[in-house]
Amino acid sequence: QKVEDWIKYKDDCRKTRFFDGSVGVDVQPPDVNLSDEDFTVVIGPHEDAIAVNGHVRFGMKAIKGAGKKAIEAIVFERKANGPYKSLYDFCERVPPGTVNKATIEALIVCGAFDSVHSQEQRAAMVGTIESAVAAGQSLAKDRAAGQGGLFGGGEATPVADDRPEPALARAREWDEGTMLAKEKEVLGFYVSSHPLDRFADRMREFGNTSSVDLSGRTQDQRVIVGGMIKSIRPITTKKGDRMAIVTFEDLAGSFDAVLFPRTYSEHAQHMTTDAIVFLIGDVDHSRGDPQLKVENVIPVERADADLSTRVELTLDATRLNGHAESTLLQLSGLVRSRGVAIGATPVPLELVIRKDASDVILESRLKVTPTADLLADLRTVLGPEGVRVRGGKPVEQGGRKQFRPRVAG
């Protein structure tokens, strides 16, 4: 059944927002044991083969660096002799010379071997490519010579199916940012997750608008939007100044943001593709689709210090075994000595004491600047759950107007 027919009749399929901002049916990542050359419908082992079931599996020919003949050979071998059991098994079974090391690496980094090993072992698999390919070539030579095998002994000894599997190379696991960047390089988009996923709580806490909310904001309302810089288009004004139009993406969608020369000059160091930042600016409806005239750019790492409205500390006296007073003294000294950073605007500090399953909120005149160092020290004293940085800055009306320059050309 063609993918187009499946999509046409699967009216009640689960809709998925892809990480490039588009919306479509459920498309699963590439997999050496499930994907074909092209995008295909895959019915799960416990699903009936009807239109409302199944999913679209990413076609391996769409992977950058994967040649047509190589993918055809991979799929043919799998269908003829069963699923691949490991990276070594894969390299031993694909015909010699049909799949090069670059193609294997592309398959690994986009997740096509995750079901064989695991997502956490992508770095180890990449480090194993050389030895796995060499093992496959050696086995092919042995077979051609009628000898045993890579793990066999003497002449004409058959290769045992239950021979021990070589271990993957030892390698440090890729962090999420590295893994996602490699995925995007070979697929053109993220598939395992989105870089914004781990900052979702911060986006909600410190942002007061999302991409889909912009259309409902009035002209020149000042808002805060958290997300990722998808692309940057520098522009030169007739005066020779540099400005930029940025495509900005959050977990709900995307929009264009304009940085006029002054703002662009002040924040150029933060304006890089895939940077995760908060944009503060005024909503603009003058060009049709809502845009944002940016006044300030806050890197996500500085959101606590620059966008917070208060800091909440919770001291759980029920767990301190009589040491609540000394803990309070420790907190007081820490806040008074290091609480306010020079040049920063401090925010109110709220202290909650949990005693006998009830909370007592103490009014405090103290203010702090929630820098990364201070928050780390506070969490050392109170634990990770004892320190909360709150946002909640309101949407404002009538942001300061910037001069709109004339663009050259």
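**Group meeting: strands, cores and one buried glutamate**

Strand E3 and strand E5 (residues 55-57) run parallel, joined by 2 bridges. Strands here are DSSP runs of at least two residues, helices are H or I runs of at least four, and both are numbered from the N terminus. Two strands count as paired if DSSP finds at least two bridges between them.

A word on the model. It is predicted, so local features need pLDDT of at least 70 and side-chain atom pairs pLDDT 80 or more, while totals for chains, interfaces and linings use all residues. Numbering starts from 1 along each chain as its sequence is written, and side-chain values use heavy atoms, with hydrogens and water left out.

Back to the sheet. It is open, with 3 strands in the order E3-E5-E4 and mixed pairing. E3 (27-28) and E4 (40-42) are the edges; each has a single partner strand, so one side of each lacks a neighbour in the sheet.

Now the cores. A nonpolar core joins buried Ala, Val, Leu, Ile, Met, Phe, Trp, Tyr and Cys residues through side-chain atoms within 4.5 Å. Buried means under 20% relative accessible area, exposed over 50%, partly exposed in between (1.4 Å probe, protein chains only). The largest core has 70 residues, with Ile63 and Phe278 among those with the most contacts inside it. Helix H5 (residues 122-144) gives the largest share, 7 residues. A second, separate core has 19 residues, including Val246 and Met271.

Last, glutamate 295, in strand E10 (residues 291-299). At 12% relative accessibility, glutamate 295 counts as buried.
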